[in-house]
Amino acid sequence: MNIIDTRSDINLLNPHECIKNIPLFQIKGVEYELKSKNFTDIIFQSIASVKFFNESNILENKRIFSMGASTKKFLLKKGINSVCPKIPGSFELNKLLLNDDDYSKYLIIKGEDGLSDVYNHLSKNGKNVQELVCYKRFKLKNYEIIKGEFFKADAIIFSSIYAVKIFFDEIYAKDTNAKLFGISNRIIDYISGLGYEGQFVDYFSDNLIESVKDSI
């Protein structure tokens, strides 16, 4: 069984021996200015947002939220606990936000071109909220050297829509036979919108390999 995981290598918290990691993009931090540190709630939208946020000293005595299980686990490695939705994504995270008081000040930490669903939700409800961009993603210079690996794959796991876009723009061919998996419903919906079949997989399940094998 040839299974490929397209996650960026900084996101590999618990790599599986039976899964080959072949990232489709790279991530690097960007300079930013944090004009205020007076926040009550801080929201991390991804592992990279944790990695490239350099103001960990302001996290003490704050309410911390994470977009999904991978970000929560990455924060825990740094000794920081966070509230995380059972189903990853901004839709479920929004349900956990909005405190009863009018004094909450939210800081959302994200990547360049990252989703603003959480920001829009809080802003729409009249909350004091700011976004901070601390990293960006960019495509590889050459995809020819990795195409062969994907053509031999039985299954490909996507952890972001960005990776799906790159796959179909740079790698996909009509004779690609791999089954496509996504770690969120949003990714599955995007794959379906392109006219292809995708299936949800719980990336943090103890039975990940078995789940993928049973679906092929």
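Loop backbone and side-chain packing

Tutor: Asn-61 lies in the loop between α1 (47–51) and β5 (63–66); helices (H or I, at least four residues) and strands (E, at least two) are DSSP runs, numbered from the N terminus. The model is predicted, so local features need pLDDT of at least 70 and side-chain atom pairs count only at pLDDT 80 or more, while totals for chains, interfaces and linings use all residues. Residues are numbered from 1 along each chain as its sequence is written, and side-chain values use heavy atoms, with hydrogens and water left out.

Most residues other than glycine have a negative phi. Asn-61 is not a glycine, yet its phi is positive, at about 65 degrees. With a relative accessible area of 77%, Asn-61 is exposed (exposed means over 50% relative accessible area, buried under 20% and partly exposed in between, with a 1.4 Å probe and protein chains only). Asp-113 also has a positive phi, near 65 degrees, and is a residue other than glycine. It belongs to the loop between β6 (105–111) and α4 (117–124), and its relative accessibility of 71% makes Asp-113 exposed.

The largest nonpolar core has 55 residues, of which Leu-24, Phe-53 and Phe-158 touch the most other members. Helix α6 (residues 161–171) supplies eight residues, the largest share of this core. A nonpolar core here is a set of buried Ala, Val, Leu, Ile, Met, Phe, Trp, Tyr and Cys residues joined through side-chain atoms within 4.5 Å. Apart from this core lies another, of ten residues, including Met-67, Leu-93, Leu-97 and Tyr-106. In soluble globular proteins, nonpolar side chains tend to be buried together. Not counting residues up to four places away in sequence, Phe-53 touches Tyr-32, Leu-34, Phe-44, Ile-58, Leu-59, Leu-107, Ile-109, Leu-132 and Cys-134 (contact means heavy atoms within 4.5 Å).

Val-164 lies in helix α6 and is buried at 0% relative accessibility. Leaving out residues up to four places away in sequence, Val-164 touches Phe-158, Ile-187, Tyr-190, Ile-191 and Leu-194. Its C-alpha atom is 9.5 Å from that of Leu-180, 16 residues apart along the chain. Ile-187 sits in helix α7 (residues 185–193) and is buried, with a relative accessible area of 3%. Aside from neighbours within four places in sequence, Ile-187 is in contact with Phe-158, Ser-159, Ser-160, Ile-161, Val-164 and Gly-182. By contrast, the C-alpha atoms of Ile-187 and Lys-141 are separated by 24 Å, at 46 residues apart along the chain.

Next, the rings. Rings of Phe, Tyr and Trp (its six-membered ring) pair if their centres lie within 6.5 Å; planes under 30 degrees apart count as stacked, over 60 as edge-to-face and the rest as tilted. By this rule there are eleven aromatic pairs. One of them joins Phe-150 and Phe-167: the ring centres are 6.0 Å apart and the planes meet at 50 degrees, so the pair is tilted. Because Phe-150 lies in helix α5 (residues 144–151) and Phe-167 in helix α6, the pair ties together parts 17 residues apart in sequence. Phe-150 and Phe-167 are both buried. Phe-167 also pairs with Tyr-172, edge-to-face, at 6.0 Å centre to centre and 65 degrees between the planes. Within that pair, Phe-167 has 0% relative accessibility and is buried, while Tyr-172 is partly exposed at 28%. One aromatic cluster takes in Phe-150, Phe-158, Phe-167, Phe-168, Tyr-172 and Tyr-196.

Two packed helices are described by the angle between their axes and the distance between the axes. For α5 and α6 the angle is about 105 degrees and the axes are 11 Å apart; axes are lines fitted to C-alpha atoms, for helices over the stretch in contact, and angles run from 0 to 180 degrees between N-to-C directions. The helices α5 and α6 are therefore roughly perpendicular to each other (65 to 115 degrees; under 35 counts as roughly parallel, over 145 as roughly antiparallel and the rest as oblique). From α5, Ile-146, Lys-147, Phe-150 and Phe-151 meet Phe-167, Glu-170 and Ile-171 of α6.
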